[in-house]
Amino acid sequence: METSQYQECNESVVVKSILIVEDDPVLGNLLLETFQEETTYQGYLASSGESALMMLSTIMPALFLLDYHLPGMNGLELAEHLRRREGGKHCSILLMSADLPQENDVLDHLSTLQKPFDLEALLQLIAELLAP
């Protein structure tokens, strides 16, 4: 009986989604597994900026986790596209890279994370960005 009550309560929980845009399949899948196993977030993975933009017709992420070095458009260019979309000025974006450009106006308005990073530090940063 307790199990069914738990399931009923659990169904009312709103799950926030995160769109991971990472061209390294090993890191992308590691992040997906981490979100699935250690958080309540629903993760989605895109391997390029273009595919991420196409996915936005079916999902509305609470957070975008962007790699800087992507095939085609880079993470900063994708962030600019996301900011220009309707309601995009208020979306949370976290840019990850081993070598972020030092001078960039877009970068001044983004949260950033230096690669390599500790998964616990990433999860803490995401929790802060998604806090109400």
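**Exercise 1.** In this predicted model, find which of the 20 residues in the largest nonpolar core touch the most other members, and trace which strands and helices supply this core.

*Solution.* Next, assign the core to elements: at least two of its residues come from each of strand 1 (17-21), strand 3 (63-67), helix 4 (75-84) and strand 4 (92-97). Helix 4 gives the largest share, four residues. Now zoom in on Leu 78: leaving aside residues up to four places away in sequence, Leu 78 touches Val 21, Gly 49, Ala 52, Leu 53, Leu 66, Leu 70 and Met 73. Finally, look apart from this core, where another one of 17 residues includes Ile 18, Leu 63, Met 96 and Leu 113.

**Exercise 2.** Work out the strand order of the open sheet and explain why one side of strand 2 and of strand 5 is left without a neighbour.

*Solution.* Walk across the five strands: the order is 2-1-3-4-5, with parallel pairing. Strand 2 (42-46) and strand 5 (111-114) are at the edges and have a single partner strand each, so one side of each has no neighbour in the sheet. For a close look at one pair, take strands 4 and 5, which run parallel and are joined by four bridges. Leu 95 has Thr 112 of strand 5 as its bridge partner.

**Exercise 3.** Identify the strands that helix 2 and helix 5 lie across.

*Solution.* Take helix 2 (residues 25-38): it lies across strands 1, 2, 3 and 4, at about 170 degrees to strand 2. Helix 5 (residues 119-130) lies across strands 1, 3, 4 and 5, at about 160 degrees to strand 4.

Note on methods
Residues are numbered from 1 along each chain as its sequence is written. This is a predicted model: local features need pLDDT of at least 70, side-chain atom pairs count only at pLDDT 80 or more; totals for chains, interfaces and linings use all residues. Side-chain values use heavy atoms; hydrogens and water are left out. A nonpolar core is a set of buried Ala, Val, Leu, Ile, Met, Phe, Trp, Tyr and Cys residues joined through side-chain atoms within 4.5 Å. Buried means under 20% relative accessible area, exposed over 50%, partly exposed in between (1.4 Å probe, protein chains only). Contact means heavy atoms within 4.5 Å. Two strands pair if DSSP finds at least two bridges between them. Axes are lines fitted to C-alpha atoms, for helices over the stretch in contact, and angles run from 0 to 180 degrees between N-to-C directions.
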